[in-house]
Amino acid sequence: MKSAPWWKEATIYQIYPRSFFDSNGDGEGDLPGVTSQLDYVKNLGVDAIWLSPFYTSPNKDGGYDVANPRDVDPRFGNLDDAKELIAQAHKRNLRVIADIVPNHFSDQHEWFQAALKAGRGSKERERFHFYDANPDGTTPNNWISLFGGPSWTQVADGQFYLHLFDSSQPDLNWENPEVNADFEKTLRFWIDLGVDGFRIDVAHGLVKEDVLTNHPDPQGLSDALRLDVAMDSEVRNALLLTVPYFDRQGVHEIYRKWRKLFDSYGQREIMAVAEAWVHPPVNATRYVRADELHQVFNFDLLTAEFDSNVLFDVVERSISLNATVNALPTWALSNHDSPRVASRIGEEQARALALFVFGLPGSTYIFAGQELGLPDGQLQDSDRQDPTFFRTNGQIKGRDGARVPLPWSGDTTPFGFSTGKPWLPISQSWKDLTVESELANPKSSLHLYRNALELRKEFLVGAGGITWLESSQHGHKGDSLLSYSRGAITVVMNLSDSAVECDADGRLLIVSGGTVDARDGKKVIPARSTAWFLA
Ligand code: GLC
Ligand code: CA
């Protein structure tokens with residue numbers, strides 16, 4: 001019998017290379033730094049790493065502003081370092097996923113430089129979205145960038161170009177076949193170099209429609225698209241149905257072509273996961289139809305409250321929607337764009353939720369540092385680098401807090417991350433959160449992750465669907481407990497602030513915090529924790 005493809009229920013560890021490990025003392029993590037810590041990654045028990053961009057880039061948006069997608073930025077090393085990283089990962093049976101950024105290039109990319117020189121009406125400008133100003137001199141439409149401010153920037157001859165993100169990130173024109181040809185070249189380049197898959201940045205954004213049409217509420221739309229802006233969910237959902245530049249049908253044509261390219265590598269089982277923030281949620285399943293991509297991120301857990309109704313709905317919806325296209329869901333509690341889960345919902349809650357999610361079918365993504373229970377870094381405004389901070393005049397703080405480098409060892413900051421000054425400061429208060437100190441502490445978050453991932457492999461990968469457990473004790477809705485069984489395992493999460501009795505059968509395998517007592521034949525689940533029982 002053919003075994004399931006490697007990515008089907010993989011655990012994937014997201015590395016933000018600049019913040020992982022610095023090999024040369026310049027204060028920024030790099031590819032040799034990642035390679036040097038692969039044993040740590042392997043021992044965590046993950047199946048693959050996803051590397052955020054390390055390509056040539058002026059680094060205006062943490063490398064998501066790519067000036068040459070087929071080379072390595074000198075701050076991260078060179079192509080030989082990339083090859084060595086891949087070889088060392090493969091030696092440890094770890095797959096490597098590269099992050100590809102097809103929605104836009106950096107303004108430093110040679111195509112954009114050529115477009116500036118070639119002038120209006122040129123074929124060089126056809127690779128981007130260049131338009132004349134309106135007769136009254138205003139921008140071609142009223143859209144607002146996702147990082148704040150107008151989506152248009154004017155060049156010397158008066159034309160404007162479209163950028164959904166920073167002005168240094170001109171959007172590519174996917175109507176132009178040259179663009180797809182160039183990206184297919186990039187995909188092949190990295191596959192030939194050894195990567196096993198791709199994370200597709202802004203996968204829902206490539207195709208634009210109605211570029212010259214104003215939106216009735218551009219500020220409302222821009223706020224609705226921001227995770228860090230609070231908004232009534234009905235208002236938000238209504239606005240999200242009106243985004244003119246995301247989730248157009250044409251994107252699926254692109255992924256159908258790419259799927260053929262991936263499949264042409266046969267046994268290599270090249271996979272791709274889409275970053276697609278789309279609405280309503282059912283639309284995400286289109287990206288994982290049989291002839292498109294392999295996975296699509298589910299971002300619900302990045303914002304969900306630690307509440308049993310909310311979490312029940314998120315999990316149930318994701319599993320059932322994906323099932324309609326024969327796909328499995330993906331789960332992520334943190335990434336480089338959102339507040340760290342331990343800061344967002346609390347440290348104990350974050351552990352409980354992680355253990356709850358590790359039992360579920362599908363793939364789990366872990367953002368480096370999450371396994372240590374890291375909170376967001378506390379930063380001064382003078383430390384900040386995220387373009388969002390600058391484009392909103394400091395009103396929105398941005399994402400740097402989640403990108404503070406990892407603490408590795410020793411008692412003083414920067415805790416072995418670098419022999420130099422780290423690009424973002426690491427708080428001295430992280431002393432007990434270093435890899436070294438957590439390895440020495442059997443009750444640490446790191447040990448919880450390692451043990452849980454081992455048990456997941458042993459008992460749960462390939463174990464099929466879940467059954468929600470309902471009873472007066474388990475009661476999956478509105479109560480303290482959320483519980484399911486899968487294969488031989490029963491997973492019980494107590495979301496409340498006091499211990500709760502339940503009648504889960506079996507032997508305790510692992511608990512995210514505290515101790516599980518037995519009382520009158522029942523199990524007592526500690527406050528804010530999750531336990532797994534083996535039947
Ligand atoms: C994605 C990336 C984010 C980046 C944006 C623009 O959302 O995850 O970090 O800023 O795309 O490329
Ligand atoms: Ca470095």
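Okay, let's begin with a pocket. Seventeen is the number to remember here: the second largest pocket is lined by 17 residues, and W6, A10, D47, K457 and V461 are the ones that lie nearest its centre. Before I go further, please keep in mind that this is a predicted model.

So how much space is in there? The volume of the second largest pocket is about 380 Å³. And what sort of residues make up the lining? For the second largest pocket, the lining divides into seven nonpolar, three polar and seven charged residues.

Now let's go to the ligand. Which residues come nearest to ligand 1? There are 14 residues around ligand 1, and D61, D201, E275, H336 and D337 come nearest. The shell around ligand 1 divides into four nonpolar, three polar and seven charged residues.

Let me walk you through some distances. Look at E275: a polar atom in the E275 side chain lies 2.7 Å from an oxygen atom of ligand 1. Next, H104: here a polar side-chain atom lies 2.9 Å from an oxygen atom of ligand 1. And then R199, where an N or O atom of the side chain is 3.0 Å from an oxygen atom of ligand 1. How much of ligand 1 does the protein bury? On its own, ligand 1 exposes 300 Å², and the protein buries 95% of that.

Stay with R199 for a moment, please. R199 lies in strand 9, which covers residues 197–200. Is R199 buried or exposed? The relative accessible area of R199 is 2%, so R199 is buried, given that buried means under 20%. The R199 side chain also makes a polar contact with the side chain of E275, at 3.4 Å.

The largest cavity has a volume of about 60 Å³. Its lining is made of Q14, W50, R199, F297, F299, A332, S334, N335, Y365, I366 and F367. Which element gives the largest share of that lining? That would be strand 13, residues 363–367, with three residues. By type, the lining of the largest cavity divides into seven nonpolar, three polar and one charged. And in case you wonder how anyone finds such places: rolling a probe the size of a water molecule over the atoms shows where empty space is left.

Next up, the backbone. Where are the cis peptide bonds I want to show you? One joins H279 and P280, with omega about -5°. P280 is in the loop between strand 10 (271–274) and strand 11 (295–296). Another cis peptide bond joins T413 and P414, and there omega is about 10°. You'll find P414 in the loop between helix 13 and helix 14 (435–439).

Then we have a pair of aspartates to look at. D210 has a positive phi of about 50°, although it is not a glycine. D210 sits in the loop between strand 9 and helix 6 (218–224). D247 also has a positive phi, about 60°, and is not a glycine either. The loop for D247 runs between helix 7 (233–240) and helix 8 (250–263). Which is buried and which is exposed? D210 has a relative accessible area of 52%, so D210 is exposed, the cut-off for exposed being over 50%. D247 has a relative accessible area of 10%, so D247 is buried.

L448 is in helix 15, residues 445–460, and at 8% relative accessibility L448 counts as buried. L448 and V511 are 63 residues apart along the chain, and their C-alpha atoms are separated by 8.1 Å. Now try F389, which is in helix 13, residues 387–391. F389 is buried too, with a relative accessible area of 9%. F389 and L293 are 96 residues apart along the chain, and their C-alpha atoms are separated by 33 Å.

Note on methods: Residues are numbered from 1 along each chain as its sequence is written. Chains are lettered from A and ligands numbered from 1 in the order in which they are written. This is a predicted model: local features need pLDDT of at least 70, side-chain atom pairs count only at pLDDT 80 or more; totals for chains, interfaces and linings use all residues. Side-chain values use heavy atoms; hydrogens and water are left out. On a 1 Å grid over the protein atoms alone, a cavity is a set of points where a 1.4 Å probe fits but cannot get out, and a pocket is an open set with protein on both sides within 12 Å along at least five of seven lines; lining residues have an atom within 4 Å of a point. Grid points are joined across faces, edges and corners, and a volume is the space filled by probe spheres set on the points. Ala, Val, Leu, Ile, Met, Phe, Trp, Tyr, Cys and Pro count as nonpolar, Asp, Glu, Lys and Arg as charged, and the others, Gly among them, as polar. A residue is near a molecule or strand if one of its heavy atoms lies within 4 Å of it. A polar contact is a pair of N or O atoms within 3.5 Å; within protein, one must be able to donate a hydrogen and the other to accept it, and residues adjacent in sequence count only if both atoms are side-chain atoms. Accessible areas come from the Shrake-Rupley method with a 1.4 Å probe; for residues, only the protein chains shown count as cover. Helices (H or I, at least four residues) and strands (E, at least two) are DSSP runs, numbered from the N terminus. Buried means under 20% relative accessible area, exposed over 50%, partly exposed in between (1.4 Å probe, protein chains only).
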